[in-house]
Amino acid sequence: MRRGEGPDFIEALARGLDVIKAFEHLPAEASLADIAAATGLARPTARRMLITLEQLGYVRSHANTFILTARVLELGLAYIANCDIWDLSREHLRNLAEQTRESCSIAQLDGSDIVYVGRVAVPKLVTLSVTIGTRFPALQTSLGKVLLAGLPDDELDFVLSQPSRSRILPVWQPSVDEARPVLREVRARGWATTDQQLAPGIRSIAAPIRDGHGATIAAVNVNAHAAETSMDELVSRYLSPLLHTASEISADIELGKRVPIADLTPASADSSAT
């Protein structure tokens with residue numbers, strides 16, 4: 001696993017986080033050998049990490065196996081609790097899902113991946129499970145294309161050079177040179193689509209959420225199944241309400257910097273976006 005550099009980097013902390021993340025791809029009850037192999041740690045080191053995590057309440061042991069506890073959720077919820085985007089966008093996203101009758105999501109960029117920070121799901125056949133915290137390669141998603149297109153050119157080149165940490169093998173795997181003109185087009189028109197580039201059956205359309213300075217800070221999308229919705233329908237039916245929703249959320253985020261979130265009632269939020 002990639003490591004940081006410099007005298008201030010704490011290797012023990014990184015190893016502990018590696019142990020927690022390893023459970024994503026292990027059985028619910030994992031043995032010490034499983035965890036050591038998944039993290040690349042020696043068994044004594046992995047054991048010390050697990051004992052520490054158990055004493056902190058993040059892991060419990062049972063019959064020579066280790067199990068994550070619900071306390072691990074606190075690590076992700078700490079981010080959500082400090083992220084105004086979901087608080088300010090929740091009703092807008094629900095309205096968009098009701099209007100389109102499709103699942104709608106909000107994501108932010110993390111390296112060369114997107115991470116979902118908000119979602120309203122509509123029960124439909126999907127090929128990939130998505131929840132808050134799900135990570136996908138950015139370039140193969142409409143959300144990711146919007147977020148990448150919002151980066152300065154020098155930062156974009158750096159991000160595109162980074163490997164995905166999603167462990168998803170996308171259908172479309174372009175080179176950096178092939179990706180750049182796609183993202184330039186997205187930047188020029190202000191929205192993006194994807195047609196089964198991440199996985200078969202998934203089509204989506206996304207628009208940027210911007211701060212008061214015009215910088216892209218997140219993206220919102222409408223997701224559809226390829227068997228039900230053509231690309232032409234995706235754009236003709238969903239682009240207009242999507243752009244309207246993105247504009248409303250952007251306006252409320254800017255307003256939220258000046259007004260406490262608790263004071264933003266649905267009526268005040270709606271009026272601020274008109």
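What percentage of the 274 residues of the chain count as buried? In this predicted model, the figure is 45%, where buried denotes under 20% relative accessible area, exposed over 50%, and partly exposed the range in between (1.4 Å probe, protein chains only). Because the model is predicted, local features need pLDDT of at least 70 and side-chain atom pairs count only at pLDDT 80 or more, while totals for chains, interfaces and linings use all residues. Residues are numbered from 1 along each chain as its sequence is written, and side-chain values use heavy atoms, with hydrogens and water left out.

The chain contains 10 helices and 9 strands, assigned as DSSP runs (helices: H or I, at least four residues; strands: E, at least two) and numbered from the N terminus. Among contacts (heavy atoms within 4.5 Å) between residues at least 6 apart in sequence, 58% join residues at least 24 apart.

Pairing requires at least two bridges found by DSSP between two strands; β1 and β3 (residues 65-68) pair in the antiparallel sense over 2 bridges. Within this part of the sheet, S31 stands opposite T65 in β3.

The structure holds 11 salt bridges, each defined as a side-chain nitrogen of Lys or Arg within 4 Å of a carboxyl oxygen of Asp or Glu. One of them joins R135 to D113, with the closest N and O atoms 3.1 Å apart. R135 belongs to strand β6 (residues 135-137) and D113 to strand β5 (residues 113-120), so the pair ties together parts that are 22 residues apart in sequence. Both R135 and D113 are buried. These two residues, together with D110 and R165, are linked in a network of salt bridges.

Salt bridges also occur within helices. In helix α1, E11 and R15 are 4 residues apart and therefore separated by about one helical turn; their closest N and O atoms are 3.6 Å apart. E11 is partly exposed at 31% relative accessible area, as is R15 at 29%. In helix α8 (residues 176-189), E185 and R189 likewise lie 4 residues apart, about one turn of the helix, and their side chains meet at 3.4 Å, N to O. The relative accessible area is 46% for E185 and 34% for R189, and both values count as partly exposed.

A nonpolar surface patch is formed by I10, L13 and L17, with about 290 Å² of accessible area together. Patches consist of residues with over 30% relative accessible area and no salt bridge, like charges being joined within 9 Å and nonpolar side chains (Val, Leu, Ile, Met, Phe, Trp, Tyr) within 5 Å. I10 is located in the segment before α1 (11-22) and counts as exposed because its relative accessibility is 51%.

Definitions and conventions
Accessible areas come from the Shrake-Rupley method with a 1.4 Å probe; for residues, only the protein chains shown count as cover.
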